Amino acid sequence: MKLSRVVALAGVALYVFLWVLAANGVSNLIAPLVIPLVLVVLIWAGLALNRFVGIAPHRPKFPVDEEEDEEEDEG
């Protein structure tokens with residue numbers, strides 16, 4: 001759990017550092033840095049719309065083949 005937080009924090013720090021570089025003149029970084037922001041905004045807007053409409057999130061259900069389960073238990 002701690003490792004994932006450290007990795008997430010390092011990723012955010014790297015992202016902010018790249019934005020600082022883009023602000024200081026490395027203009028070819030701006031387009032690749034905008035793409036994750038746009039994706040986050042689109043996902044956030046979709047989730048907000050689902051909550052507004054009242055659509056409850058659900059887990060995907062995968063069909064389970066009982067014969068395969070028995071074979072895995074035996075072997």
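**Packing of helices α1 and α2**

Biologist: Which residues of α1 and α2 meet?

Modeller: This is a predicted model, in which local features need pLDDT of at least 70, side-chain atom pairs count only at pLDDT 80 or more, and totals for chains, interfaces and linings use all residues. Residues are numbered from 1 along each chain as its sequence is written, and side-chain values use heavy atoms, with hydrogens and water left out. Contact means heavy atoms within 4.5 Å. From α1 come Tyr-15, Leu-18, Trp-19 and Ala-22, which meet Ile-30, Leu-33, Val-34, Pro-36 and Leu-37 of α2.

Biologist: How many residues of this contact are nonpolar?

Modeller: Ala, Val, Leu, Ile, Met, Phe, Trp, Tyr, Cys and Pro count as nonpolar, Asp, Glu, Lys and Arg as charged, and the others, Gly among them, as polar. In the contact of α1 with α2, no residue is polar, none is charged, and the nonpolar ones number nine.

Biologist: Which kind of aromatic pair do Tyr-15 and Trp-19 form?

Modeller: Rings of Phe, Tyr and Trp (its six-membered ring) pair if their centres lie within 6.5 Å; planes under 30 degrees apart count as stacked, over 60 as edge-to-face and the rest as tilted. For Tyr-15 and Trp-19 the centres are 6.4 Å apart and the planes 80° apart, so the pair is edge-to-face.

Biologist: Is Trp-19 buried, partly exposed or exposed?

Modeller: Buried means under 20% relative accessible area, exposed over 50%, and partly exposed in between (1.4 Å probe, protein chains only). Because its relative accessibility is 28%, Trp-19 counts as partly exposed.

Definitions and conventions. Helices (H or I, at least four residues) and strands (E, at least two) are DSSP runs, numbered from the N terminus.
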